[in-house]
Amino acid sequence: MDHVIRPVRTEEWPRTRELRLDALRDPAAPVAFLETYEQAVEHPDAVWRERAAGFSTRHGTRSVQFVAEAPDGSWSGSVALLVEEAGREDFFGATVERAQGHLVGVFVRPEHRGGRVIAALVAAALDRAWALEEPRLARVRLYVNEGNPRAAAAYRKLGFVPTGVTVPMAGDPSAQELECAIARP
């Protein structure tokens, strides 16, 4: 693969903003993300700076955003790994039962889909998750909307399996988000 997979640096917040806005303009965005383009474009620069800093390994955070950087320097996709500690509340309002990773913001530009970019991004996030000693993560999970079969197939191909847990989709409680997870090797 000709891409370099690496963590985002704090000073790259304008590029993280650009990639996120591109992701939110994707036709699959309504079932892939919990935020709309219209919401995100209104965020002040301080929000984007804070997001980039929060995902930067330079700030000692355990949560990290990885990007796939092409040889020309463009970004082809990204994934963020959130570390969820046992006893805390997740963003769906449930109590986290065990220390785990949570993949969010998975996006690959259309021209790079179907290849190895998503596999490399997810592999980097999983490597990071399994390397953490404190807390030691039991698994890494993600949610996929029931109306996004292409993403669900990609995650299954990468080893994620449905857990049977579902949550209503934010903004459309008639739709379900399906939890998929991969156990610590």
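Is Y143 buried or exposed, and what is its relative accessibility? In this predicted model, local features require pLDDT of at least 70 and side-chain atom pairs count only at pLDDT 80 or more, whereas totals for chains, interfaces and linings use all residues. Residues are numbered from 1 along each chain as its sequence is written, and side-chain values use heavy atoms, with hydrogens and water left out.

Y143 is buried, at 14% relative accessibility (buried means under 20% relative accessible area, exposed over 50%, partly exposed in between, with a 1.4 Å probe and protein chains only). Two aromatic pairs were counted (rings of Phe, Tyr and Trp, the last by its six-membered ring, pair if their centres lie within 6.5 Å; planes under 30 degrees apart are stacked, over 60 edge-to-face and the rest tilted). F92 and Y143 form an edge-to-face pair, 4.7 Å centre to centre with 65 degrees between the planes. F92 lies in the loop between β3 and β4 and Y143 in strand β5, so the pair ties together parts that are 51 residues apart in sequence (strands, E, have at least two residues and are DSSP runs numbered from the N terminus). F92 is partly exposed, at 26% relative accessible area. The pair of Y155 and F160 is also edge-to-face, with 6.3 Å between centres and 70 degrees between planes. Y155 is buried, at 9%, and F160 is buried, at 1%.

A charge also sits over a ring: the charged end of R51 lies 4.8 Å from the centre of the ring of W48 (the rule requires NZ of Lys or CZ of Arg within 6 Å of the ring centre and within 35 degrees of the ring normal).

Notes: Helices (H or I, at least four residues) and strands (E, at least two) are DSSP runs, numbered from the N terminus.
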